[in-house]
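Here's a friendly briefing to read alongside the sequence and the 3D view. Keep both open and look up each residue as you go.

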Amino acid sequence: MPHQVFQLRSEVPAPVEVVFRWHQRPGALERLTPPWESLTVQSYEPGLAPGTQAKLITKVGPFRVTWVAEHRELIENRLFRDVQLSGPFAHWDHEHRFGATDTTHSYLEDHVEYSAPGGSLGRMLGGGFVAGKIERMFRYRHATMLADLAAHQPYQENRPMKIAITGASGLVGKQLSAFLSTGGHEVVPMTRSREKSGVYWNYKKGEIDQASLAGVDAVVHLAGEGIADSRWNEKQKAKIRNSRVDGTTFLSNQLAALSILPKSLICASAIGYYGDSGDQPVDETSPAGAGFLPDVCRVWELACAPAASAGIRVANVRLGVVLSPQGGALAKMLLPFKLGAGGVIGSGKQVWSWITLDDVIGAIHHCIMNDQLVGPVNLTAPNPVTNREFTKTLGRVLNRPTIFPMPGFAARLALGEMADDLLLASSRVTPARLLETNYTFRDPELEPALRRILGR
């Protein structure tokens, strides 16, 4: 029986050597994996040398399936090929074809020969479904590659940087590490385990391997207790506050003591800094609000003072509601919305200042590379929406009704004090500093953003 064939070609405004090298670097497979798929990269050998393998975990219905692909052919700047050894397809043979159209432009063409499982019956019953999934996946891959290359292009002439990241295994840290690595930078994770590669540090014990920080150009500090991981009580609130303030203070002091200072420290913060500001627009010049989260954010940012005093450029990136089906608020909302049980929270009038995960990592990269960015930088999309607008848009994207509201009192019963700060507070945040420094948003509007990251 003949295999089915899928082919997609994109013109790329970059030299073929740059495009091919991007695919060879660590992190490429992570960047190319669609966020809506239940697909996790378990192991991957960068470089694409014949005989190396990639192992992924995927789901076929309720079952976990290990997908193992092996690289079989490599011709520099022309093609590489991988075939499935085991996994969800009856057959999978994938050629990545490259070519130069001139010295500054090239093309990428993916050519896949595949067979769905189940033979003729599988092809008859599920062939169209599988073909649709493959097309959505590869269109996402091409768009992501093009956007990543465009983000790195202005800095191609700069030397690669050595960048240390705390929280590198988290939602933001994983994709930021992959994005920076594929851009040619050396990423060094900062870890609390002596057994893992990277820079060992443990602020609770006052320990850090300073020698491993030698030569670091920038530090991105993302680590901290998850704000929405557990119901708030005094003990949990202390953990949230201390993990940010104590960890940042320790790290800032250690960076300040290095004989050769990193050029920049990009430290995570949150738009919780502004508190409940209603419908009034706020930007980086606005004062802190009142309450638990504003107080945490304020002292969290002040904890960077030792690094700033030593001459390290500090940017405090205030993250909005980060949208990704892989984690955070959107991941928690997807199941009830897919079941048709989603609805407006509280009055629905509260403004949610959102940003996609790709724009978070793009904006952090922008802060690393841009010496003008000092102090607070809002990481939010330029078009915030009300909760009612968010609810209706997500329902439309998922093609589901949104008729089950959650009154404010019900949110408070379920989440306690956290509901007021995270779900019912209103904050119309303007990303003024990003706009002033010409950051280009991948996802400025909500509905196209949700369709892109949910594969809809």
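Let's start with how open a residue is: buried means under 20% relative accessible area, exposed means over 50%, and partly exposed is in between (1.4 Å probe, protein chains only). What you're looking at is a predicted model, where local features need pLDDT of at least 70, side-chain atom pairs count only at pLDDT 80 or more, and totals for chains, interfaces and linings use all residues. Residues are numbered from 1 along each chain as its sequence is written, and side-chain values use heavy atoms, with hydrogens and water left out.

**Salt bridges**

- A salt bridge here is a side-chain nitrogen of Lys or Arg within 4 Å of a carboxyl oxygen of Asp or Glu. Searching the whole structure turns up 25 salt bridges.
- Arginine 97 has a salt bridge to glutamate 95, at 2.8 Å from N to O. Arginine 97 also pairs with glutamate 109, at 3.2 Å from N to O.
- Glutamate 109 sits in strand S7 (residues 106-115) and arginine 97 in strand S6 (residues 91-100), so this pair ties together parts that are 12 residues apart in sequence. Helices (H or I, at least four residues) and strands (E, at least two) are DSSP runs, numbered from the N terminus.
- Arginine 97 is partly exposed, with a relative accessible area of 24%, whereas glutamate 109 is buried at 13%.
- Lysine 239 forms a salt bridge with glutamate 225, and their closest N and O atoms are 3.9 Å apart. Lysine 239 belongs to helix H5 (residues 234-256) and glutamate 225 to the loop between S12 and H5, so the pair links parts that are 14 residues apart in sequence.
- Both partners are partly exposed: lysine 239 has 40% relative accessibility, and glutamate 225 has a relative accessible area of 22%.
- There's a network too: salt bridges that share partners join Arg31, Asp148, Asp358, Arg442, Asp443 and Arg452.

**A buried aspartate**

- Look for aspartate 217 in the loop between strand S11 (207-208) and strand S12 (218-221). Is aspartate 217 buried or exposed? With a relative accessible area of 5%, aspartate 217 counts as buried.
- Leaving aside neighbours within four places in sequence, aspartate 217 is in contact with Arg159, Pro160, Met161, Lys162, Pro262, Lys263 and Ser264. Contact means heavy atoms within 4.5 Å.
- Aspartate 217 and glycine 167 are 50 residues apart in sequence, and their C-alpha atoms are 18 Å apart in space.

**Two asparagines with positive phi**

- Most residues other than glycine have a negative phi. Asparagine 77 isn't a glycine, yet its phi is positive, at about 65°.
- You'll find asparagine 77 in the loop between strand S4 (63-75) and strand S5 (79-86). Asparagine 77 is partly exposed, at 21% relative accessibility.
- Asparagine 399 also isn't a glycine and has a positive phi, of about 60°. Asparagine 399 lies in the loop between helix H10 (387-398) and helix H11 (408-415), and it is exposed at 65% relative accessibility.
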